[in-house]
Every structure is written in C-alpha cells, then in structure tokens.
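Trainee: I should like to learn how to read the secondary structure and backbone of a model such as this one. Please begin with the terms.

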Amino acid sequence: MHIKKQRLLTPGPTPIYPPALHAMMASDVHHRTEDFRNIYKAALADLKEVLATSHDVLCFAASGTGTMDAAVSNLFSRGDKVIVCSAGKFGERWAEIAKAYGLEVTLLSAEYGQVVTPDRVEAALKAEPATRGVFIQASETSTGAQHDVRTIGAMVAKTDAIFVVDAITGMGTMPLDIDNWGLDVVIGGSQKAFMIPPGLAFIAVGPKAWKHAESANLPHYYFNLKKEKKSADAGESSWTPATSLILALGEALKYIKKLGMPQVIENAQQLAAATRLAAVAVGLELFAPDSPGSAVTAIKAPAGMDSGVIVKEFRTRFGSIVTNGQGSMKGKIFRLAHVGYFDFADLFSIVAELEIILNANGRKVTLGSGVAMAQKFYMDAVAAKAAAAVTPGATATA
Ligand SMILES: *Cc1c(COP(=O)(O)O)cnc(C)c1O
C-alpha cells in the first residue's frame with residue numbers, strides 16, 4: 001500500500017505510448033536538414049493516412065485551441081454569419097473564438113449532457129442562407145457526449161457554409177469519414193488519441209474551406225494555413241517545429257498504423273461500453289446517456305457526494321489521475337477516459353478502485369460487481385470475435 005504508481009487516466013493529456021516518449025530523446029537535431037525533413041514528411045503522410053482523407057493535413061506547434069483559432073482567422077471575415085453548436089465547455093470555446101474575431105454568431109446550445117440535434121442545425125441554416133460556417137465538436141469532452149457530424153455534415157454540404165469540426169477527442173474514438181461526410185475542416189491535438197504529450201495541433205483543410213480562404217480577410221500571422229501548406233509540401237514547417245514532439249508523433253503513428261485506425265476506434269468504443277456497464281453495476285448514473293461518445297465517460301457522483309472527493313481519492317489512494325467535471329459540472333460528475341493508449345487492464349483497475357472509494361465513503365457497493373461487468377464484456381467481445389472468425393459472413397458486434 002506504500003507504492004502508488006502515477007497513472008494518467010484523463011482525456012488529455014492521455015497516457016503516453018512509451019516508444020514515443022523514448023523517441024523524444026533524439027531531438028538534438030536541426031529542423032532545416034534533410035534528415036528532419038524526411039521525418040516531418042513521413043509524420044504528415046502517416047497522419048493523413050490514419051485520418052484517411054485527401055484533405056491537406058497541416059501541423060502547428062500549439063495546443064488544440066491553436067488550430068481552432070487558425071480555422072477562424074484564416075477562413076472567415078469580420079461580420080461573417082456563423083452557427084456554433086455548443087454542447088459544453090469546448091462548444092463555448094468556439095463561440096468565444098468566433099466572437100473574438102468579430103464573427104456574427106448564432107448559438108445553438110444544448111444543455112450539458114445533451115447534444116445539438118441535426119434538425120436544429122438544418123432550421124438555422126434555412127433561417128440564414130448567408131451562413132458562412134458551422135462549428136461543432138465531434139466529441140464534447142466536457143460531458144462525454146458525441147454529435148452526429150455525419151448527418152449535420154450532409155446538411156451543411158448543401159449550403160455555401162463550411163463545416164468546421166473540432167475532433168480533438170473525436171479522432172480515434174469514432175468513425176470520421178472526412179471526405180465523404182462534408183467535414184471541410186477537422187481539428188486534432190497530440191495529447192488525445194495520438195498518445196503523445198501536448199504541444200502539436202493538427203488541421204485537415206478541404207477544397208471548400210480553401211475556397212473560403214480566398215476571400216477571408218481576418219488578420220493572422222503565426223497560424224497561416226496557406227503558408228503552412230506551402231511549407232508542408234516542401235517537407236518543412238513555417239516556423240521552428242516542436243522537434244521532440246514530431247519524433248514522438250512519428251513513433252506513435254507507426255503504432256496506430258500497425259493496429260489500424262478502425263481498431264484504435266473499436267478499442268475506445270469497447271472500453272467506453274464496458275465502463276458504462278460497470279458504472280451502472282455499481283449503482284451510479286451516466287451523465288450523457290443519450291449520445292454517449294467513446295472518448296470519455298462522464299458519471300454522476302452519488303447524491304450528496306462531491307465528485308471532487310472521488311477524483312481526490314483516486315489520486316491519494318491509488319495515484320490515479322482522473323478528471324472532475326469542468327465549469328458548471330465541477331463537483332457533480334467525474335470523467336473516465338478511453339481516448340488513446342488505454343487498455344482493459346487499465347479499466348479493470350479503475351473500476352476496482354472506484355468500488356473501494358465508494359465503499360470507503362459510505363456508499364455500499366458489492367466489491368467486484370463493477371469489475372465483473374467489465375470482465376464479462378471483455379470475455380463476450382473475445383468470444384464474438386472468435387465466432388466471427390469461424391463463421392464466414394458474420395461480423396463481430398462487440
Ligand atoms: C482537449 C480539447 C481541446 C483543446 O484543448 P487544448 O487545451 O487547447 O489542447 C479542444 N476541444 C476538445 C473537444 C478537447 O477535448
């Protein structure tokens with residue numbers, strides 16, 4: 001009981017893939033050399049491959065918010081009418097950025113735990129045909145809910161607006177057919193599904209978005225998409241790249257390619273599904289039960305108990321770092337992550353820890369009841385896969 005390993009189990013930063021961490025030690029390189037150009041080119045090409053898109057995929061030294069800022073400042077003009085779909089803290093961030101740049105925002109907000117439904121977006125697009133852009137989170141990390149970006153993308157595609165998707169925790173946790181779903185701009189960040197530390201932000205820019213860039217007149221300097229594309233085509237970044245993180249990214253992408261992106265997504269989906277079952281089995285209530293995403297599962301603290309107590313006990317008893325609710329949800333929910341380098345062994349221990357924490361705080365739970373649900377889910381998934389392998393034409397559902 002004396003040794004407690006720190007386990008980083010949050011939806012960003014996520015646990016680091018060890019070979020990626022080790023690769024960072026080779027960062028005593030100069031970025032304007034043939035060697036580094038090859039590394040950078042390979043990382044961008046692999047990123048494009050795992051995202052399965054023909055869009056231009058660019059990278060900046062920034063946290064994810066940097067490319068959210070870039071999307072607004074490069075693709076819009078002051079006074080442009082835009083729709084922001086907001087279902088939590090990160091949706092609010094889109095509205096804040098758009099307003100900071102003088103865009104005229106129509107806010108479609110959903111209560112925390114709910115999502116903005118496609119019919120609301122369709123109605124708002126009809127009401128304002130001059131709309132230039134629609135902003136959304138594929139996965140709203142503050143609540144664990146997931147938007148139907150496929151249906152909304154098809155609606156936006158019929159208009160002159162571009163669809164700008166913050167997929168920072170959507171990538172690697174849900175299917176995203178960037179080219180065919182009308183996702184004109186898609187944004188990612190290194191510290192989520194990519195299993196490496198914070199500091200790189202990604203942006204996939206499609207042809208409709210580039211067309212917007214032609215007439216956009218907002219000021220920008222560091223985040224210059226056109227300049228960055230020119231640099232990327234030459235195997236370079238416009239400014240000094242975060243070399244250590246690029247080395248880490250290259251290593252992590254090799255691993256993601258080896259697993260296959262669909263398998264990385266399935267991994268998160270399986271962990272999320274098992275987590276939901278385990279949470280209910282220990283008597284807890286899910287926070288976003290109608291549209292649960294697979295990046296993170298938000299769980300309500302038991303009545304009369306502050307979720308901060310649970311978060312603190314995870315850390316003090318076991319060294320496990322999990323997250324509280326954000327903003328108005330602080331103290332009410334806690335969040336267990338599945339995006340990136342998480343496995344079932346992580347989940348079994350998290351649930352076992354949770355059972356102990358609940359009991360220690362006067363919430364009677366049969367020890368092992370949640371863990372058993374997660375174990376059963378795992379066994380069923382393995383069995384379904386084996387059955388699918390011997391039955392031609394059958395598909396695994398787990
Ligand atoms: C993590 C995250 C961000 C980016 O936050 P940064 O702190 O700037 O990396 C944006 N949107 C969502 C949905 C996120 O999960």
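Mentor: Helices (H or I, at least four residues) and strands (E, at least two) are DSSP runs numbered from the N terminus. The model is predicted, so local features require pLDDT of at least 70 and side-chain atom pairs pLDDT 80 or more, whereas totals for chains, interfaces and linings use all residues. Residues are numbered from 1 along each chain as its sequence is written, and side-chain values use heavy atoms, without hydrogens or water.

Trainee: What span should the twelve residues of α11 have at 1.5 Å a residue?

Mentor: The expected span is 1.5 Å times one less than the number of residues. For α11 (residues 307-318) this gives 16 Å, and the end C-alpha atoms are 16 Å apart, which agrees.

Trainee: Which residues of α11 are buried?

Mentor: Buried means under 20% relative accessible area, exposed over 50%, and partly exposed in between (1.4 Å probe, protein chains only). In α11, S307, I310, V311, E313 and F314 are buried. Seen down the axis, they fall within an arc of 160 degrees (taken from directions between the helix axis and the C-beta atoms), so they line one face of α11. These residues pack against β12 (320-321), β13 (323-324), β14 (333-337) and α12 (344-360), contact being heavy atoms within 4.5 Å.

Trainee: In what order do the seven strands of the open sheet lie?

Mentor: Strands of a sheet pair through backbone hydrogen bonds, either parallel or antiparallel. Here the order is β2-β10-β9-β8-β5-β3-β4, with mixed pairing; two strands pair if DSSP finds at least two bridges between them. The edge strands, β2 (56-61) and β4 (104-109), each pair on one side only. Inside the sheet, β5 (residues 133-137) and β8 (residues 162-166) are parallel over five bridges, and I136 has V165 in β8 as its bridge partner.
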